[in-house]
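Work through the exercises below with the sequence and the 3D structure at hand. Each task is followed by a stepwise solution.

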Amino acid sequence: MIREIKNDKLYFDGCDTVELAEKYGTPLYVYSESDIVSRCSEIRESFMDKYPRTRAAYAAKAFFTLAMADILNKEGMCVDVVSGGELYTALKAGFPVERIEFNGNNKSYDEIKLAVENHIGRIIIDGPQELSLIEQACRECNTTIKVLFRITPGVMSATHKYITTGGKDSKFGIPMDDEVILPQIKAAIDSKYVEFYGLHFHVGSQLFDNQSYLMALDVLLGLVKKIKKAYGYDIKEINVGGGFGATYINEERKPYSYFLDPIMEKIEDYYKNAGVERPNVVIEPGRSIAAEAGIMLYTVGSIKEIPGIKTYISVNGGMTDNIRPALYQAEYTGVIANKANEPKTDTVTVCGKCCESGDILINNLEIAHPQAGDTFAVFATGAYGYSMASNYNKNPIPGVALVKDGKSRMIVEHQTYDNMISRELK
Ligand code: LLP
């Protein structure tokens, strides 16, 4: 068990979280290396080892640092970046360039050039101007690169509207209109600078149902057929994106096989009927690898009882280190780490310290009787917490500790006030 209770204290990957809070200071992001590794093994067993010519590109946006890049590299993962910054981090970590792919709906020429000059594995084209920018960078660097096109499959998925990305009206992907998409594909097939490699979609995030993937796949395979008919071209790769759900409170995370087996069956059937070898298949999981591998440790400060209404307990972080409750009404749960076994006598609202009424981390949580100085742990904060952190109210961004089998080390230092103002000029 990654999370367990011993001597009334919360342990995470063998480490006493109260000791971690004392040793490294709070607020503190804590990641379990064992949990990350076990997700990667599940992906290997249920996908890469089971089906030949498949790859999993971890979506760096969920959580990405130099040390995270190293873990993913050792686990045989690829990485999906969406900005020059994520790409730069992967390159600085020495991540194998062939295993980096680049997504994003508005890549700048400089970002594209960084990708091209470093010979990364693939660029996923997301709009009509991009191909010519890639060609220009390839010409300048005297090289070629593999490209895929991200399509907008026009399917909705059952999740928060801010994180559904597959609907027809989307800033992502290329609309599925023959007159729009086919000429772009033809240009890529004819280009001497790019190798037109395949098609990509991403239908949304935090999904527990495989239907939207299967519907999007029908749309994608329809396009595969048209490309074959119009240009006699067989694509080499299909990328079905990420979006596999994680458990925050009591939603049941589905095994990867629940999504991937029917996806693979549909793709294999199509190619068997077409009498053509199946292309590579790629997935881009982010949240499902990082979310449950992370917890957040805070120290409880002010406790305020509004008679007859509620009790607020304030922690020394909040929406600056985890924007998800304020932005998506995301729900979390947690526990007082130093009273992990004590009876839950109090119902509280856990709030952050930012000057914003929406800075509430958890509503109506039953916990042991809280006191200032307690260590409060929030569970499943590993995805889109650190990566979406901000300096609002000039709160420094907390550091990150990595834990494994009872050992711990910092992998990102706490930001200091000096770090925070170091770019400011008088
Ligand atoms: N691939 C593409 C092209 C994506 O746009 C995304 C996520 C992923 C992969 C990874 O999806 P995942 O496996 O993590 O669900 N900040 C939001 C999530 C935004 C996701 C955007 N795209 C949140 O905190 O819920």
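**Exercise 1: Tyrosine 384**

Apart from residues within four places in sequence, tyrosine 384 contacts Ala62, Arg287 and Arg324, a contact being two C-beta atoms, placed from the backbone, within 7 Å. The model is predicted: local features need pLDDT of at least 70, side-chain atom pairs count only at pLDDT 80 or more, and totals for chains, interfaces and linings use all residues. Residues are numbered from 1 along each chain as its sequence is written.

Task: Locate tyrosine 384 and state whether tyrosine 384 is buried or exposed.

Solution. 
1. Tyrosine 384 sits in the loop between strand 19 (375–378) and strand 20 (399–404); strands are DSSP runs of E, at least two residues, and helices runs of H or I, at least four, numbered from the N terminus.
2. A residue is buried with 20 or more other C-beta atoms within 10 Å of its own, exposed with 12 or fewer, and partly exposed in between.
3. Tyrosine 384 has 26 C-beta neighbours inside 10 Å, so tyrosine 384 is buried.

**Exercise 2: Glutamate 284**

Solution. 
1. Glutamate 284 is in the loop between strand 13 (280–283) and helix 10.
2. Because 25 other C-beta atoms lie within 10 Å, glutamate 284 is buried.
3. Beyond four places in sequence, the contacts of glutamate 284 include Asp80, His202 and Asn239.

**Exercise 3: The ligand shell**

Task: Which domains give residues to the shell around the ligand?

Solution. 
1. The ligand is surrounded by 20 residues, counted by a C-beta atom within 6 Å.
2. Domain 1 (3–31 + 293–421) and domain 2 (51–286) both contribute, so the ligand lies between them; the bounds come from an automatic or database assignment.
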